[in-house]
Amino acid sequence: MKRNPVIPYAIIAVVGILAIIIISSMGIGHRDAIQGKDDDEAGQTETTLDDPEEIYQNNCAACHGADLSGGMGPGLDKVGSKHDADEIVEIIHNGLGNMPPQNVADEEAKILAEWLSEKK
């Protein structure tokens with residue numbers, strides 16, 4: 001009795017197609033759950049940090065140095081002698097020179113600017 005060599009390949013193809021259908025249907029359920037999660041997150045506001053040093057480390061330290069001494073950007077250890085808090089907020093939001101505008105929440109920018117304005 002001669003066996004047909006196509007049958008094992010046909011079985012593998014059918015199993016593969018069934019696996020794709022099952023995985024796809026599971027993915028549709030996950031997609032809906034993920035979209036629902038995104039919708040929930042869109043309605044929530046971000047938590048605002050209230051520690052100026054943490055805000056600085058998260059947003060400024062990479063360019064201005066972890067200790068305010070400078071790096072790629074100028075040092076900020078004496079920035080308060082040049083700019084008041086309102087000017088620093090403007091610089092954070094609009095940039096200055098080679099510094100691009102930063103994506104920092106208004107409240108965090110104010111907290112950070114107050115802290116930096118004391119550096120004289």
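Modeller: Quick term to start with: helices (H or I, at least four residues) and strands (E, at least two) are DSSP runs, numbered from the N terminus. By that count the protein has 5 helices and 0 strands. This is a predicted model, where local features need pLDDT of at least 70, side-chain atom pairs count only at pLDDT 80 or more, and totals for chains, interfaces and linings use all residues. Residues are numbered from 1 along each chain as its sequence is written, and side-chain values use heavy atoms, with hydrogens and water left out.

Colleague: OK, and where is confidence lowest and where is it highest?

Modeller: pLDDT is the predictor's confidence in each residue, from 0 to 100. The protein has a mean of 86, with 84% of its residues at 70 or more. Confidence is lowest in helix α1 (residues 6-43), at a mean of 77, and highest in helix α4 (residues 85-94), at 95.

Colleague: What does UniProt put on residues 6-28?

Modeller: An unreviewed UniProt entry annotates residues 6-28 as "transmembrane region". UniProt positions are in the numbering used here, feature names are shortened, and annotations may be inferred rather than shown by experiment. In the model, residues 6-28 are 100% helix and 0% strand, with the end C-alpha atoms 33 Å apart.

Colleague: Switching to His64: buried or exposed?

Modeller: His64 counts as buried because its relative accessibility is 10%. The cut-offs are under 20% relative accessible area for buried, over 50% for exposed, and partly exposed in between (1.4 Å probe, protein chains only). Over the 120 residues of the protein, 22% count as buried.

Colleague: Which element holds His64, and what is it in contact with?

Modeller: His64 sits in helix α3 (residues 61-64). Leaving aside neighbours within four places in sequence, His64 is in contact (heavy atoms within 4.5 Å) with Tyr56, Ser69, Gly70, Gly71, Gly73, Pro74, Leu76 and Met99. With Pro74, the His64 side chain reaches the backbone oxygen at 2.7 Å.

Colleague: And Glu54, where is that?

Modeller: Glu54 is in helix α2 (residues 52-59). Glu54 counts as partly exposed, because its relative accessibility is 38%. The C-alpha atoms of Glu54 and Leu112 are separated by 9.2 Å, though the two are 58 residues apart along the chain.

Colleague: Across the protein, how many contacts join residues at least 24 apart?

Modeller: Among contacts between residues at least 6 apart in sequence, 53% join residues at least 24 apart.

How values were computed:
Polar contact = N/O pair within 3.5 Å; in protein donor to acceptor, adjacent residues only side chain to side chain.
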